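Subject: Structure handover

Hello,

Here is the structure for your files. My notes follow below it.

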Amino acid sequence: MSPTITTSSEANGNVSAATARAAASAASVAEASGPQPITMAKALNTALADAMHADPSVLVFGEDVGLLGGVFRITDGLTRTFGEQRCFDTPLAESGIVGMAVGMAMNGMRPVVEMQFDAFAYPAFQQIVSHVAKMHNRTRGTVKLPMVIRVPYAGGIGGVEHHCDSSESYYAHTAGLKVFTPATVADSYRMLREAIDSDDPVMFMEPKKLYWSKDLVDLSGLREEHVSNAEAGVSSEGRAAVARSGTDATLIAYGPSVPTALAAAAAAAEEGRSLEVIDVRSIVPFDDETVCASVRKTGRAVVIAEAHGFASVSSEIVARVQERCFHYLAAPIRRVTGFDVPYPAPKLEHYYLPGVDRILDAVDDLQWEN
Amino acid sequence: MTISADHPAPDQAQRLPAEDAVSEAVRKFGITVEDYMLPARHQIQMVDPDGRLRAESEQGTEPGHEYPLPADEELLAAYEQLVVGRRVNDQNSALVRQGRMAVYPSSHGQEACQVAAALCLSEGDWLFPTYRDAVAVMARGVDPVETMTIFRGDWHSGYDPSRHKVGIQCTPLTTQLLHGVGVAHAAKLRGEDTVVLAMCGDGATSEGDFHEALNFAAVFHLPVVFFVQNNKYAISVPLAHQSVAPSLAHKAVGYGMAGERVDGNDVVALLAVLDRAVKLAREGSGPLLVEAHTYRMQAHTNADDATRYRQDSEVAEWLAKDPISRMKTYLTGRGLLDDDGAARIAAHAEDVATQLREGLGEDVPVDPQELFRYVFSVPTPQLKEQSAMLADELAREASSEESPK
Ligand SMILES: Cc1ncc(C[n+]2csc(CCOP(=O)(O)OP(=O)(O)O)c2C)c(N)n1
Ligand SMILES: [Mg+2]
């Protein structure tokens, strides 16, 4: 069989048969109009299908992503719809997956690769840190790597060792990688589409405990929004969201910790304290503006993350806010993070994970006058 | 100290270069280097799926690839472990269904590989298992409940690797193979005659660490037997997507070691091949690679849905090649196993199952302070602070439960 895949540059007006079929099938996904209860898994799956439909150079590959549809079913149906050339299983080797994606990105493709679990991305670390992150810089911008590395991450699912790591700090610490992490169903669609459209490599961190969380979401609305935003040059990249407004203190969270922060804010409200919750969404680039505006308004902040606290994204957030908002702060910024211990076995994980009570303890510590 | 490019390696004199070891083996078997390293043209099978001993000329052996039938006692011991292994697999799967275990990657159908991997080793040897090799770990003498702790979910591993000379059950694929290589290297430097058997699956042979481990073992000329259980799938991905080599055993030649493939559901052939591999490794042949053809009868784990990627008919085909019924027929036919013997073995298996039910059935209280206890030999000031914070939280929680507001 001859190759039927077109590259980005060839793509305009030259839609392959597989893509035409995909168009039909994507349309058949056509949701009943208006908001429907949709899982994050479904939204991510739809985002992949829509991106593959929109651009024939988008390819999906990794371990078990073909026939099985991924161990979390995020790639479900993509091989059936788009064919084995566009969504396929690779040999079982993460360095191979990412390294091959680099070469494909250099040659006209937009690979979206899946790492099966956070801790199984580590064999690819060399490729990610030494090449994915640096190629653009090293070639003075002549080589772009429009690729996405999807990583199901973090805990809270009773997973055994190596299936629950919060690895975002390794990537955020590496210059040249964008790091996104959605916390809502709508954002998961939005941000994955934007990640795929990005000309720079994106580490797309998917909070696996939220895969089966449902929100009322209008998928066709999101699809239209994506098109109009792209035309207008609007994006959630580098933009945090105010997940809940409040006046007394700011909870800054991302990914799996956002629902926990919201639950804490709801509990605090019952006790008469109004907490604002910021969903960081885009760790790199970071939205200093939104975060600092909130902290200047409330004068108090707690940063929440599942990852170990030491030398982490949460430490970075505290440092940035302190540098920019010192004179507005009524109390030192507090952090509620995972302990600096290896991610524990299932029966111990609830002691490790930041929970509502631990967040409220930290809020109580923010030197209130009364 | 000055470093010069051509400094002589201090141990060059004592070290038998790999080439010499291979030519030694070649001399011993009277075959070419290629014939020594390449697997025999057919897999080694001694007892067929119906439990009949195959004629010697049909066992797949060739000059230099000859395998004597293992001793009767070894075969009986293996059968007993097969029955126990099957019972353990099925008991654990039941415990998972009852919510008593977090997860269990069953080796149902692969018990012959599990048992042979353990029985081919001597007391001082080391085994490096994967997540799927709990039955092999137990067959090496590790306590059943300690073995299953990793899957019960209160700690990442439940036994002391140095006491049993069994590595922790390893999940990051093929990383353990290099640890096996390191143990063998250290043993060599210490003058011990330890052999290491390091296990992985068919899919795992695609990982970079697989390559590195084989190459290190070959270059340093170490007594490691790499044992690949080719159960045809890596979760959903069939072997054809992993490798287009003639067989996984053929990979050996690329590293300069000998490879062999064997019927992985025939414990007789497995013992014959692994016993010889261990013996050769101990005698200084360097590493060897053994590929066993078997089948994962159940889903990858309880979390997997195998109907998405394979046909029931394929599973049924392999049911007919079951390792346990074949061995029972064979041993009974040879008069080595009678009803009393079978009943005694079944009772032993039931005892182990009871041990598992009792050991895993009850809720063992977990100690949250264990989170901090083993991160370092001596806890850091930061860990002490975090430990105190958790203790304080739990104390407050307990007192608010005692005196509700
Ligand atoms: C480095 C790494 N990548 C991915 C995984 C996830 N994973 C666990 S088991 C498995 C399949 C392994 O297949 P195989 O080696 O054939 O062993 P089997 O499970 O069949 O015994 C995968 C992909 C992992 N554990 N480690
Ligand atoms: Mg396998």
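A polar contact here is a pair of N or O atoms within 3.5 Å; within protein, one must be able to donate a hydrogen and the other to accept it, and residues adjacent in sequence count only if both atoms are side-chain atoms. This is a predicted model: local features need pLDDT of at least 70, side-chain atom pairs count only at pLDDT 80 or more, and totals for chains, interfaces and linings use all residues. Residues are numbered from 1 along each chain as its sequence is written, chains are lettered from A and ligands numbered from 1 in the order in which they are written, and side-chain values use heavy atoms, without hydrogens and water.

Ligand 1 first. An oxygen atom of ligand 1 sits 2.8 Å from a polar backbone atom of Gly203(B). An oxygen atom of ligand 1 is also 2.9 Å from a side-chain N or O atom of Asn231(B). On chain A, a polar side-chain atom of Glu94(A) is 2.5 Å from a ligand 1 nitrogen. In total, 20 residues surround the ligand (a heavy atom within 4 Å). Chains A and B both contribute residues, so the site is shared between them.

Asp187(A) and Arg281(A) form a salt bridge at 2.9 Å, N to O.

Best wishes

Notes:
A salt bridge is a side-chain nitrogen of Lys or Arg within 4 Å of a carboxyl oxygen of Asp or Glu.
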